[in-house]
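Please open the model in a viewer and keep the sequence panel beside it.

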Amino acid sequence: MMWRRTAEIVVVMIISILLRASAATEGRRNNKGDGEDKSNNNKNKNAYATMMYMGTPRDYEFYVATRVMMRSLLQHQVQADRVVIASVDVPLRWVRAMEVEDGLKVVRVENIYNPYRADNPNDRFKLTMNKLYAWNLVNYERVIMLDADNLFLQNTDELFQCGQFCAVFINPCIFHTGLFVLQPSAEIFKDMLHEVEIRRPNSDGADQGFLGSYFSNLLDMPMFHPPPNGTKLQGQYRLPLGYQMDASYYYLKLRWNVPCGPNSVITFPGAVWMKPWYWWSWPVLPLGFSWHEQRRNSLGYGAEMPMVILEVILYLGIIALTRLARPNFSKLCYRRFDKSVTVYHASLKFLALASILAAYIVPFLLIPYTIHPMVGWSLYLLGSFSLCSIAINAFLLPTLAVLTPCIGIFGVLLVMACPWYKDGVVRALSVFAYAFCASPLLWVSFTRVLATLQVSLEREAFLPSRLNESPPPPGFNKLY
């Protein structure tokens, strides 16, 4: 009876634990989908919105950037819905992740045909007219439309007090469409579609040129200042520069000092390959680290880490194998052609130099583009070292000379990452001075590699005809 009673108690405890776990799991599911349900219950009158479409070489990178930006808004405790205007060809697994894991409202739309594509052949802008769907979000009183490359520093809900259209002039004469405020209107949306169809003048073949033409008088409008009583303004307004701080302003002073309005949002309108989500953006561009820290604290890097672990195992395996096989590695594959020793020597030198060059290029291409910069650069240096070990052991090259570029790259990273520069000019001069001092060392290493390779070619290990064996017949290939 005692054992039976004990067993009953254990079974009850197990069932209780399972029920609690099931309830907790269900609660987490409800919380993950809470973004949409809560927004429907609270009936938020405003929304932060962005768009997503497919067909560019960097769809995944912008998908990650969108999720990070939207999660950062949640960290800043915005009192508004978060909406993604996604084209119908966006993968369903991405849509589910945004809805379930991020709590976003995803609105599926058909792509708006862009008749200006011939004026802007860049595929990145071919479907930016989808941004016009923001005017069709008529369930909201105000919408803040965003590009994915915005980095929020603080809550910007005061922008919902702005008028029918408000934007920032980064360029003195052209407002930027990376962030703007609008009042949704089905009539304006239909009128815009008509203007697109009849090819309204467009300076850049994308959304910015079209909207600049549609709201051509915005430059003459007054500056927006949020009313203290929280009322919504009417009409059009220019937004202070602090709501769209061009990252290049920071790189000049290495600090923010924008006197026009609160320093709330950073935008990265430059070259696409220097967007902050790429691992090589830091320390080349100091703000890249800020973006990745925001991602680390929100979305994380679970999608990229399996690939990183596989690469680490691969590189460590290469280092171990090349070290163990060093005595015979230089004789793995050897071909000697009696037609011309000079051609043979030149070919082997070219192969050695090409292998060293590949050791510094291949790891860069294999690293997941959106990994954290600290992980990315560490993996790059490890990969370069491991592939350099192949060239070192195969051609019996001096280790330090081959690894000089790797050491130089590590050094320039330290120079760029130094946090004590007075401004961006001093930082640029420091990098230039480092490169000037390091270039002679790089040249000395290069000449030493060539000299060592020439000496090795003249030694018995590289000339089978000098070995204690009869020379092979012409055209004979020997595999050691």
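Select K131, which is buried, with a relative accessible area of 1%; buried means under 20% relative accessible area, exposed over 50%, and partly exposed in between (1.4 Å probe, protein chains only). This is a predicted model, in which local features need pLDDT of at least 70 and side-chain atom pairs count only at pLDDT 80 or more, while totals for chains, interfaces and linings use all residues. Residues are numbered from 1 along each chain as its sequence is written, and side-chain values use heavy atoms, with hydrogens and water left out.

Because D207 lies in helix α6 (residues 207-214) and K131 in the loop between β3 and β4, the pair ties together parts that are 76 residues apart in sequence. Helices (H or I, at least four residues) and strands (E, at least two) are DSSP runs, numbered from the N terminus. Both D207 and K131 are buried.

Next, select D147, whose side chain also meets that of K131 in a salt bridge (2.8 Å, N to O). This pair links distant parts of the chain: D147 is in the loop between β4 (142-146) and β5, K131 is in the loop between β3 (105-109) and β4, and the two are 16 residues apart.

**Stop two: helices α3 and α4**

Select residues 59-75 (helix α3) and residues 92-101 (helix α4), whose axes come within 12 Å and cross at roughly 10°. Axes are lines fitted to C-alpha atoms, for helices over the stretch in contact, and angles run from 0 to 180 degrees between N-to-C directions. Helices α3 and α4 are therefore roughly parallel to each other, the description for angles under 35 degrees.

Which residues of α3 meet α4? They are D59, Y60, Y63, R67 and R71, which meet W94, A97, M98 and E101 in α4; contact means heavy atoms within 4.5 Å.

Now show the side chains of R67 and E101, which meet in a salt bridge (2.9 Å, N to O). R67 in helix α3 and E101 in helix α4 are 34 residues apart. R67 counts as buried at 7% relative accessibility, whereas E101 is partly exposed, with a relative accessible area of 43%.

**Stop three: E61**

Remain in helix α3 and select E61. E61 is buried yet has no salt bridge, and the nearest side chain of opposite charge, R58, is 6.3 Å away; Lys and Arg count as positive and Asp and Glu as negative, with His and the chain ends not counted. Leaving aside neighbours within four places in sequence, E61 is in contact with W277, Y278, Y369 and T370.

**Stop four: helix α9**

Select residues 287-296, helix α9, where 7 of the 10 residues are buried. These are L287, G288, W291, H292, E293, Q294 and R295. The buried residues of α9 pack against several elements, including α3, α7 (247-253) and α13 (373-395).

**Stop five: the whole chain**

Finally, select everything. The secondary structure comprises 15 helices and 12 strands, and buried residues make up 46% of the 480 residues in the chain. The structure holds 11 salt bridges.

Terms used:
Angles under 35 degrees count as roughly parallel, over 145 as roughly antiparallel, 65 to 115 as roughly perpendicular and the rest as oblique. A salt bridge is a side-chain nitrogen of Lys or Arg within 4 Å of a carboxyl oxygen of Asp or Glu.
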